[in-house]
Amino acid sequence: MTETTAHGRGPRTDVPPENACPIAPVVDIVFSRWTTPILWALHEYGRQRFVEVERRIATITPKVLTQRLRQLERDGLVHRTYHAEVPPRVEYEITELGRSLAPLFATLAEWSPNLERVEEARRAYDARDGGGGRAG
């Protein structure tokens with residue numbers, strides 16, 4: 001979809017490419033590979049230790065979970081609490097900023113029944129296309 005001027009004549013040239021889609025930075029933050037399941041787990045189940053988050057997202061590796069939690073903390077979406085105990089205890093919880101994404105996630109959850117229709121469309125496309133890719 002190409003943006004056009006207010007007069008509808010041709011593509012806009014006053015919008016830098018990085019600003020062409022104003023939601024792109026939000027999508028980059030919120031919908032990166034593991035961010036959504038981590039935020040969902042922290043929102044749904046509250047404060048959790050690392051191992052608890054790891055168990056809830058069974059397919060994530062400890063290394064990736066650590067990286068994503070650090071990035072979410074940096075982004076202000078997750079708060080990390082270190083307890084100087086023996087052994088040390090670290091807990092993670094979603095912040096108010098992270099909780100502000102709840103309506104977005106609720107809307108996506110409401111849309112999820114449409115996934116069946118997406119699968120139907122894919123099957124129909126693959127049957128029509130013979131399962132192979134075709135040049136655009």
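User: What makes the meeting of arginine 122 and glutamate 119 a salt bridge?

Analyst: In this predicted model, the side chains of the two residues come to 3.0 Å, N to O. A salt bridge asks for a side-chain nitrogen of Lys or Arg within 4 Å of a carboxyl oxygen of Asp or Glu. An arginine and a glutamate at 3.0 Å meet that rule, so the pair is called a salt bridge.

User: Where do arginine 122 and glutamate 119 lie?

Analyst: Both belong to helix α7 (residues 115–129), and they are 3 residues apart, about one turn of the helix.

User: Why is arginine 122 called partly exposed, and why is glutamate 119?

Analyst: Buried means under 20% relative accessible area and exposed means over 50%, with partly exposed in between. Arginine 122 has 48%, and glutamate 119 has 35%. Both values fall between the two cut-offs, so both residues count as partly exposed.

User: Which residues do salt bridges with shared partners join into one network?

Analyst: That network is made of Arg47, Glu85, Arg89, Glu91 and Glu93. Here are two of its pairs. Glutamate 85 and arginine 89 meet at 2.8 Å, N to O. Arginine 47 pairs with glutamate 93, with their closest N and O atoms 3.4 Å apart.

User: Why can we say that the pair of arginine 47 and glutamate 93 ties together parts that are apart in sequence?

Analyst: Look at where each partner sits. Arginine 47 is in the loop between α2 and β1 (48–49), while glutamate 93 is in strand β3 (residues 89–94), so their bridge links parts 46 residues apart in sequence.

User: How many salt bridges does the whole structure have?

Analyst: A search finds 6.

User: How do you know whether glutamate 93 is buried or partly exposed?

Analyst: Its relative accessible area is 22%. Buried needs a value under 20%, so glutamate 93 counts as partly exposed.

User: What puts the buried residues of helix α2 on the same side?

Analyst: Let's list them: Thr35, Ile38, Leu39, Ala41 and Leu42 are the buried residues of α2 (residues 35–45). Around the axis they cover an arc of only 160 degrees, and therefore they lie on the same side of the helix.

User: What comes just after α2?

Analyst: Glycine 46 does, and it takes a positive phi of about 75 degrees.

User: Which residues touch the most other members of the largest nonpolar core?

Analyst: Among its 18 residues, they are Ile38, Leu39, Leu42 and Val78. The elements giving two or more residues to this core are α2, α4 (62–74) and β3. Leaving aside residues up to four places away in sequence, valine 78 touches several residues, including Leu39, Leu42, Leu69 and Tyr92.

User: Which residues make the nonpolar surface patch?

Analyst: Ile23, Val26, Val27, Phe31, Leu104 and Leu108 make a patch of about 470 Å². Two or more of its residues come from each of α1 (24–30) and α6 (102–111).

Note on methods: Residues numbered from 1 in each chain as written. Predicted model: local features only at pLDDT ≥ 70, side-chain atom pairs only at ≥ 80, totals over all residues. Heavy atoms only, no water. Buried < 20%, exposed > 50% of the residue type's maximum accessible area, 1.4 Å probe, protein only. Helix = DSSP H or I, 4+ residues; strand = E, 2+ residues; numbered from the N terminus. Arc of directions from axis to C-beta. Patch = residues over 30% accessible without salt bridge, like charges linked within 9 Å, V, L, I, M, F, W, Y side chains within 5 Å. Areas by Shrake-Rupley, 256 points an atom, 1.4 Å probe, with all protein chains shown as cover. Core = buried A, V, L, I, M, F, W, Y, C linked by side-chain atoms within 4.5 Å. Contact = heavy atoms within 4.5 Å.
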